[in-house]
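Subject: Handover of a structure, with findings

Dear colleague,

Please find the structure below, followed by a summary of what was found in it. I would be grateful if you could read the two side by side.

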Amino acid sequence: MIVTKVTKVSGRVRSIQPSATLAISAEAKRLARAGKPVINMGVGEPDFNTPEHIVRAAEKALREGKTFYTPAKGIPELIDAIVEVYREKNYDISQENVIVTPGAKYAIFEAMLSTIDEGDEVILLDPSWVSYEPCVAVSGGKVVWVPHSEGFEDAPVEEYVTDRCRMIVINSPSNPLGVVYPKSFLKKIRDLAVDMDLIVMSDEIYDKIVFDEEFHSIAEFDDMLERTILINGFSKTYAMTGWRLGYAIAPEEIIKYMLRLQSHSVSHPTSFVQYAGVEALKGDQSCVGEMVKEFRARRDIMIEYLKEMGLEFAPPKGAFYMFVNVEKDSVEFCEKFLKEKYVAATPGKAFGKSFATWIRLSYATSRDNIVEAMERLSEFLQS
Ligand SMILES: Cc1ncc(COP(=O)(O)O)c(C=O)c1O
């Protein structure tokens, strides 16, 4: 028997909608199980195995009995490694500015719960990654969607900031756009944040996956370390999605409250996974370059096909997504594309308010799969 009768769920969880991508991915799995040649371009994770030296570090930690509770904010070795990485980039931070979390996603949750009060406004650029909106909702905040300007590398955020605004969320390189925001845009956000005394959450989980230009963080600008919550993690850079390891860098006062939440909820990220994190940051980095090179080659293949098909897409300069305008209702399009051509894609509706005719295609899949999927897309558009 399944018990379905619930006497009460909170208003906060009631406000969260189920992921718009779930139906598509469940159907993709069902079709694959039925033996259909499914190509999954809906996924948001690298298709590479975690590099061997990182796996070995976790194994070693396990064998050495690193299986007990760790400090709630993470093992000192990992916190030191993170501080070292950012000090090398000239960030004047110390151990007190860092917390290690079970995935970047949990760092985002903790950060929003620690800084957003009931009714506070949080600016999200439209489109944005699917989980920011539920994080804001659970924190009691209100999302203010800001459309991008043409070309997706700027947005008129200044027109949407009110006295109730508390935070602006920037995600560069962006999921789902693949855009890497230029310095001019970041500088504008910096000036706004300083003038209006706002926090900027800078989600930099794709910072190493950039193709054409240098990545810049808003935290690099004057007076920004004191108002930035920088989010990063291991999932994308080191192909470690299932390990659940991320971190936040923020002013000490914010970290203090994130730590309270963490110590009373998940306690800390898994002990031996944190040792793997130390190896990821301090060990050989050539694995990252190899993955980025492969992502770039895949991106280039897709660009050629999409251009040939005459489709509009956002400038794909980082991460591993192409955001494409198919000029049809994207939910219907994705359902039909999967049903008829066995290619899974994510409808733009999942990412914001204004992209009902756009789809996100992830190129975290092999070149052969990409070529085949593009051929099928071309046939599908002509049918
Ligand atoms: C923009 C963005 N931020 C955060 C995350 C969460 O990453 P993690 O696996 O570290 O929780 C993702 C994962 O898809 C993402 O795309």
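Is R12 buried, partly exposed or exposed? R12 is partly exposed, with a relative accessible area of 37%; buried means under 20% relative accessible area, exposed over 50%, and partly exposed in between, with a 1.4 Å probe and protein chains only.

The model is predicted, so local features need pLDDT of at least 70 and side-chain atom pairs count only at pLDDT 80 or more, while totals for chains, interfaces and linings use all residues. Residues are numbered from 1 along each chain as its sequence is written, and side-chain values use heavy atoms, with hydrogens and water left out.

Salt bridges

The structure holds 26 salt bridges, where a salt bridge is a side-chain nitrogen of Lys or Arg within 4 Å of a carboxyl oxygen of Asp or Glu. R12 takes part in one of them with E118, and the closest N and O atoms are 2.6 Å apart. Because R12 lies in helix α1 (residues 11-14) and E118 in the loop between α5 (104-115) and β3, the pair ties together parts that are 106 residues apart in sequence. Helices (H or I, at least four residues) and strands (E, at least two) are DSSP runs, numbered from the N terminus. E118 itself is exposed, at 54% relative accessibility.

A salt bridge also joins K282 and E84, at 3.9 Å from N to O. This pair links distant parts of the chain, with K282 in helix α9 (residues 271-282) and E84 in helix α4, 198 residues apart. K282 is exposed at 53% relative accessibility, whereas E84 is partly exposed at 39%.

The relative accessible area is 44% for E64, which is partly exposed, and 52% for K60, which is exposed.

The sheet and its helices

Seven strands form an open sheet with mixed pairing, in the order β2-β8-β7-β6-β5-β3-β4; two strands pair if DSSP finds at least two bridges between them. β2 (98-101) and β4 (142-147) stand at the edges with a single partner strand each, so one side of each is left without a neighbour in the sheet. From one strand to the next, the twist averages 20°. For such values, axes are lines fitted to C-alpha atoms, for helices over the stretch in contact, and angles run from 0 to 180 degrees between N-to-C directions.

The pairing of β2 with β8 (residues 246-249) is antiparallel and spans four bridges; V98 has I249 as its bridge partner in β8. Helix α4 (residues 76-88) packs on the sheet, touching β2, β7 (228-233) and β8, where contact means heavy atoms within 4.5 Å. The direction of α4 makes about 120° with that of β2. Helix α7 (residues 183-196) also packs on the sheet, where α7 touches β3 (121-126), β5 (165-171) and β6 (199-203), and its direction makes about 165° with that of β5.

Cysteines

The structure holds zero disulfides, a disulfide being a pair of cysteine sulfur atoms within 2.5 Å. For C135, the nearest cysteine sulfur is that of C165, 17 Å away. C135 is buried at 0% relative accessibility, and C165 is buried at 9%.

Yours sincerely
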